[in-house]
Amino acid sequence: MARSLGRLLKGFRSLISPPAMRTQLSYPTACVSVRTMVALPSLFSSKPRDFSLPNSSWGSEMMRLYEHYNSQCEVETEGGETQRGPWQRLPSYNRSLKYATGGVYLKEQRCVCIFQAGHLLEGPPGHVHGGAIATMIDTVTGTHATILSGPVMTANLNVNYRSPIPLGSTVLIESTLDTQEGRKIFISCKVTSNNGSKLHTEATALFLSINVSHLLGGG
């Protein structure tokens, strides 16, 4: 009995403290090099981890675009002072009402996500699964709608696939506000190659503003 209990406790500890939690990687940002711990989201931590910082899986195009947009989040004036630029970088939190992954940037009525698809998202051989593309579109447009109007829910999402996305490639997911009518937010979206020359997917989405208390069962 004691041995069985010991094995159960050991197994539980391995679940909440996997080896990955003790691995260190260097995560450089546009302004400072930060050394941090790679850890799975803790059940007991109130501080979410930003999942959109550079890591070893990012390719050269992903890093180039990240640095390009980051450089436009802060600009230097003629007097040498730093001020906010035309774009705003949004963090990626693995929480409810989460932001999108991959590095998301906001500029007035536009929102851009840099997305690099890994092998786990394979659908057709060598290409990204259509469901994964739709999920990313829903996440990016939903993030945009949330920034504009507070908590929202997807009411409608129409996706047109134009050209398959090769695995490992880096694409841009660009969301644009079309109009707002009361609780309704209409957004269009397109997924293009990293230089914008090739259209992979386009979509339209309708979101409805909601009261968070409804989600929590508060009426």
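Tutor: A residue is buried under 20% relative accessible area, exposed over 50%, and partly exposed in between. Please note that the model is predicted.

Student: Why is Arg-64 called partly exposed?

Tutor: Arg-64 has a relative accessibility of 40%. This value falls between the cut-offs of 20% and 50%, so Arg-64 counts as partly exposed.

Student: What makes the contact of Arg-64 and Glu-61 a salt bridge?

Tutor: The criterion is a side-chain nitrogen of Lys or Arg within 4 Å of a carboxyl oxygen of Asp or Glu. For Arg-64 and Glu-61 the N to O value is 2.9 Å, which is within 4 Å, so the pair qualifies. Both residues lie in helix 2, three residues apart, about one turn of the helix. Glu-61 is partly exposed as well, because its relative accessible area is 27%.

Student: How many salt bridges does this rule give?

Tutor: The count is three. One of them joins Arg-110 to Glu-174, with the closest N and O atoms 2.9 Å apart. That pair links distant parts of the chain, since Arg-110 is in strand 7 and Glu-174 in strand 9, 64 residues apart.

Terms used:
Residues numbered from 1 in each chain as written. Predicted model: local features only at pLDDT ≥ 70, side-chain atom pairs only at ≥ 80, totals over all residues. Heavy atoms only, no water. Helix = DSSP H or I, 4+ residues; strand = E, 2+ residues; numbered from the N terminus. Buried < 20%, exposed > 50% of the residue type's maximum accessible area, 1.4 Å probe, protein only.
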